[in-house]
Structures are given as C-alpha cells and as structure tokens.
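Q: I am new to this structure, and I would like a close look at one part of it. Could you walk me through the place that holds the ligand and what lines it?

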Amino acid sequence: MTNITLTIIKPDAVKDGHTGAIIDQIIKAGFSVKAMKLKHLSEAEAGKFYEVHKERPFYNDLVKYMSSGPVVPMVLEKADAITGFRTLIGATNPANADEGTIRKNFGKSIESNAIHGSDSDDNAKIEASFFFAGTDIY
Ligand code: CMP
C-alpha cells in the first residue's frame with residue numbers, strides 16, 4: 001500500500017469538538033478516508049505506538065496525554081500522501097506552523113498539537129496495522 005498515511009486526531013482536539021472540522025479540512029484537501037474509528041488508548045498502547053520516542057525526554061508525558069481521552073485514528077489515501085499530509089498539518093509545534101494548517105488552526109502546544117501524521121511510507125504501514133486489521137481498510 002503506497003499513497004497512504006495514518007493520522008490520529010489527538011485527545012484535546014476530540015475533547016474540544018474539533019473532530020468534524022478537522023475531517024472536513026482533510027477531505028477538502030483531497031484525501032479519502034480508508035479506515036476510521038474512535039479509540040481510547042491505554043497507557044500501554046500509547047507507549048507502544050510511540051515506542052520510537054522511548055528515549056526522548058517528552059516520552060512519558062506524551063504517553064499520558066495520548067491515553068487521556070479518546071482519539072480518532074484514520075487511514076488516508078492520496079497521491080504522495082505522506083508529504084501532502086505533513087504539509088496540510090504543519091510543523092510539530094503549532095507556534096511554528098503555517099497559517100491555515102491543521103496544527104495552526106487547532107493545536108495548543110508541541111504536545112497537544114491536535115493531530116499526528118506518519119513520517120514515511122514504511123511507518124504509515126506499521127501505524128495503520130497498529131490500529132486496523134487489513135480487512136478494515138477499504
Ligand atoms: P507526533 O507527530 O504525534 O509525533 C511525536 C509527538 O511527540 C509529536 O507529534 C508531539 O506532539 C510530541 N512532542 C512532545 N514534545 C515534543 C518535543 N519537544 N519535540 C517533538 N515532539 C514532541
């Protein structure tokens with residue numbers, strides 16, 4: 001599967017009622033939703049998802065934050081999905097994100113930055129299979 005990316009609408013954005021507006025922005029940018037659900041991650045699950053950041057100083061806080069409430073993971077499809085989606089969401093820190101990007105519109109801080117996007121085709125596949133069985137991706 002190329003041309004796919006895995007996104008997660010993060011707990012604050014869901015809690016604050018931004019899920020619909022964020023999905024609208026994603027669809028208007030030309031992505032199709034191939035899989036979607038609402039899920040409350042346990043700390044163990046959030047820790048596993050972000051295992052690559054295990055040694056980083058922000059890891060424990062990130063795991064607590066990502067398990068603090070339901071999130072909305074989605075598999076998205078579009079030509080050149082990884083790069084296109086990272087442009088749409090903007091810089092990791094919303095303070096540095098371009099105007100009109102999802103993180104600029106809805107992010108609060110580098111941790112509560114509203115949305116995740118895969119950083120490579122290989123990670124998109126790994127992250128999609130973390131949340132979805134192959135038969136749940138359309
Ligand atoms: P995300 O794209 O989901 O990938 C890792 C996350 O770690 C990142 O978004 C941020 O929300 C979070 N994070 C928290 N603190 C930092 C930091 N200092 N540098 C980078 N990422 C951070």
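Predicted model: local features only at pLDDT ≥ 70, side-chain atom pairs only at ≥ 80, totals over all residues.

A: Helix H3 (43-49), helix H5 (81-89), strand E4 (115-117) and helix H7 (121-131) each give at least two residues to the lining of the largest pocket. H7 supplies the largest share, four residues. Helices (H or I, at least four residues) and strands (E, at least two) are DSSP runs, numbered from the N terminus.

Residues are numbered from 1 along each chain as its sequence is written, and side-chain values use heavy atoms, with hydrogens and water left out.

Now for the space itself. On a 1 Å grid over the protein atoms alone, a pocket is an open set of points with protein on both sides within 12 Å along at least five of seven lines, a cavity is a set where a 1.4 Å probe fits but cannot get out, and lining residues have an atom within 4 Å of a point. The largest pocket has a volume of about 740 Å³, a volume being the space filled by probe spheres set on the points, which are joined across faces, edges and corners. Among the 26 residues that line this pocket, Tyr50, His53, Phe58, Leu62 and His116 are the closest to its centre. The lining divides into ten nonpolar, seven polar and nine charged residues; here Ala, Val, Leu, Ile, Met, Phe, Trp, Tyr, Cys and Pro count as nonpolar, Asp, Glu, Lys and Arg as charged, and the others, Gly among them, as polar.

The ligand sits in this largest pocket, meaning that more than half of its atoms lie within 2 Å of the pocket's grid points. Around the ligand are Lys10, Tyr50, His53, Phe58, Leu62, Thr92, Arg103, Ile110, Glu111, Asn113 and His116, each with a heavy atom within 4 Å of it. This shell holds four nonpolar, four polar and three charged residues.

A side-chain N or O atom of Tyr50 is 2.6 Å from a ligand oxygen, and one of His116 is 2.9 Å from a ligand oxygen. Glu111 takes part through a backbone N or O atom, 3.3 Å from an oxygen of the ligand. The protein covers 79% of the 450 Å² of accessible area that the ligand has on its own, by the Shrake-Rupley method with a 1.4 Å probe.

Conventions:
Polar contact = N/O pair within 3.5 Å; in protein donor to acceptor, adjacent residues only side chain to side chain.
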